[in-house]
Amino acid sequence: MVYVLIIISVICEVFASSMLKLSYGFTRLLPSLGFAAGMGVAFYLLALVLQTLPLGVVYATWSGLGTILTTCIGVFYFREKMNKTNTLGIVCLVIGLLMMNLG
């Protein structure tokens with residue numbers, strides 16, 4: 001169940017990050033509110049998960065998955081470019097996450 005909470009927390013954080021970009025420096029109300037709500041839920045769920053799992057594993061998983069998904073949103077929604085170095089970084093993140101969670 002805690003891994004489900006991490007996934008939901010990551011999704012909320014990715015939503016919040018996307019809203020942050022759309023807020024244009026907090027000059028747009030709805031994306032700014034979306035950012036605050038997304039981060040609030042993300043950190044609340046993260047705090048629940050930390051009652052069960054170790055901090056290092058939880059934060060590495062949360063931030064790593066968040067980075068990967070945010071990059072995907074950037075590429076597919078915001079039309080940001082990926083290069084070989086970015087792709088290698090994502091591959092390293094995936095390998096690191098697997099090592100942290102299986103170790």
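This is a predicted model: local features need pLDDT of at least 70, side-chain atom pairs count only at pLDDT 80 or more; totals for chains, interfaces and linings use all residues.
The mean pLDDT for the protein is 95, and 100% of the residues reach at least 70.

What does Glu80 form a salt bridge with? The partner is Lys21, and the closest N and O atoms sit 3.8 Å apart. With the cut-off at 4 Å, that pair makes the list, and the count comes to one salt bridge. The pair ties together distant parts of the chain: Lys21 belongs to helix α1, residues 2-22, while Glu80 is in the loop between α3 (55-76) and α4 (84-102), 59 residues apart. As for Lys21, its relative accessibility is 44%, so this one counts as partly exposed. In general terms, side chains of opposite charge can pair when their charged atoms come close.

The axes of α1 and α2 come within 7 Å, and the crossing angle is roughly 160 degrees. Anything over 145 goes down as roughly antiparallel, so that is the label for α1 against α2. The hand of this crossing is left.

While we're on α2, have a look at Ser32. This residue lies in α2, which covers residues 29-49. Is Ser32 buried or exposed? Its relative accessibility is 13%, so Ser32 counts as buried; the limit for that is under 20%. And who does Ser32 touch? Leaving out residues up to four places away in sequence, the contacts are Ser23, Phe26 and Thr27.

Next pair: α3 and α4. Their axes are 10 Å apart, and the packing angle is about 155 degrees. So these two are roughly antiparallel to each other as well, and the crossing is left-handed.

If you want to see that contact on the screen, here's what to pick. On the α3 side, you've got Gly56, Val57, Ala60, Thr61, Gly64, Leu65, Thr67, Ile68 and Thr71. Across from them, α4 brings Ile90, Leu93, Val94, Leu97, Met100 and Asn101.

Key
Residues are numbered from 1 along each chain as its sequence is written. Side-chain values use heavy atoms; hydrogens and water are left out. Helices (H or I, at least four residues) and strands (E, at least two) are DSSP runs, numbered from the N terminus. Buried means under 20% relative accessible area, exposed over 50%, partly exposed in between (1.4 Å probe, protein chains only). Contact means heavy atoms within 4.5 Å. A salt bridge is a side-chain nitrogen of Lys or Arg within 4 Å of a carboxyl oxygen of Asp or Glu. pLDDT is the predictor's confidence in each residue, from 0 to 100. Axes are lines fitted to C-alpha atoms, for helices over the stretch in contact, and angles run from 0 to 180 degrees between N-to-C directions. Angles under 35 degrees count as roughly parallel, over 145 as roughly antiparallel, 65 to 115 as roughly perpendicular and the rest as oblique. A crossing is left-handed if the near helix is turned anticlockwise from the far one by less than a right angle, and right-handed if clockwise.
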